[in-house]
Amino acid sequence: MSSQPHSGAEDTASIDHAPADRRSAGKRQALELFRGLPARYDALSAALSFWQDPRWRRALVDAIAPQPEDRVLDVATGTGMVAAELLSRADCSVVGVDQSREMLAAARARFAGMPRTRIELIEGQAETLPFADGSFDALTFTYLLRYVEDPQATMVELARVVRPGGRVAALEFGVPPWLPARAAWRLYTAIGLPALGSFASREWYEVGRFLGPSIRGFYERHPLENLVAYWRQAGLERVHVRRMSFGGGIVMSATKS
């Protein structure tokens with residue numbers, strides 16, 4: 001498959017199936033966990049975050065500041081929320097990559113009515129991107145590094161496909177550093193999130209149970225200062241960390257040296 005986005009309404013989405021056996025155990029778990037979510041993912045992820053998730057995604061796109069004619073890679077594109085925001089900001093082209101066929105199906109439905117927009121959707125892995133070095137002017141990724149075996153190596157691969165001077169930005173959940181906020185976060189992720197998720201579906205209940213331990217465990221293994229070091233070691237400079245919603249969301253951005 002060409003790495004160049006196609007034009008025209010009939011070419012607004014394409015799929016390149018990645019071999020499932022190349023996925024890490026964590027990514028296989030994520031695939032199972034999120035398989036039944038795409039139909040209401042956008043609305044429920046917003047509601048269960050008290051409408052912070054859409055605000056964080058807008059801040060992610062602010063950090064990239066897409067320009068006309070930019071070619072942007074959106075990794076872990078999911079249902080295409082960040083891709084849609086990028087396309088609404090500038091006359092750019094976007095390539096969305098995700099490991100989930102179900103999420104990509106929802107993204108294809110989102111972009112089906114946008115014949116003037118150039119968008120390509122590819123099933124693939126962040127650890128082995130099917131693009132040449134320096135293929136993109138900018139790159140975004142959302143809620144990704146918790147699901148890869150080696151975040152440091154994945155950052156090297158993500159940075160590889162961005163041109164020198166290009167921009168990289170990411171959104172991830174965080175653990176609030178301020179003690180009262182952290183206590184509220186722990187209570188919500190331990191009790192509130194699973195309880196509210198159960199009203200939506202069994203799948204959302206399981207996601208609610210999973211997220212708190214997953215986020216805490218990730219930062220125990222990879223503290224934020226380590227993540228900043230991974231970015232710098234990947235050749236990214238001027239790394240900026242923005243804590244949002246008392247630290248429940250973290251937007252990171254940088255420029256490739």
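**Close-up views of a predicted model**

Arg57 and Asp53 lie 4 residues apart in helix H3 (residues 53–64), so they are separated by about one helical turn; helices (H or I, at least four residues) and strands (E, at least two) are DSSP runs numbered from the N terminus. This is a predicted model, in which local features need pLDDT of at least 70 and side-chain atom pairs count only at pLDDT 80 or more, while totals for chains, interfaces and linings use all residues. Residues are numbered from 1 along each chain as its sequence is written, and side-chain values use heavy atoms, with hydrogens and water left out.

**View B. Asp70 and Arg167 meet through their side chains in a salt bridge (2.6 Å, N to O).** Because Asp70 lies in the loop between H3 and S1 and Arg167 in strand S5 (residues 162–173), the pair ties together parts that are 97 residues apart in sequence. Asp70 counts as buried at 7% relative accessibility, and Arg167 is buried with a relative accessible area of 17%.

**View C. Arg163 and Asp137 form a salt bridge between their side chains (2.8 Å, N to O).** This pair links distant parts of the chain, with Arg163 in strand S5 and Asp137 in strand S4 (residues 136–142), 26 residues apart. Arg163 is partly exposed, with a relative accessible area of 29%, whereas Asp137 is buried, at 17%.

**View D. Thr77 lies in the loop between strand S1 (71–75) and helix H4 (81–89).** At 3% relative accessibility, Thr77 counts as buried. The side chain of Thr77 makes a polar contact with the side chain of Asp74 (2.6 Å), where a polar contact is a pair of N or O atoms within 3.5 Å and, within protein, one must be able to donate a hydrogen and the other to accept it, residues adjacent in sequence counting only if both atoms are side-chain atoms. Leaving aside residues up to four places away in sequence, Thr77 touches Ala83, Gly96, Val97, Asp98 and Leu104, contact meaning heavy atoms within 4.5 Å.

Notes:
Buried means under 20% relative accessible area, exposed over 50%, partly exposed in between (1.4 Å probe, protein chains only). A salt bridge is a side-chain nitrogen of Lys or Arg within 4 Å of a carboxyl oxygen of Asp or Glu.
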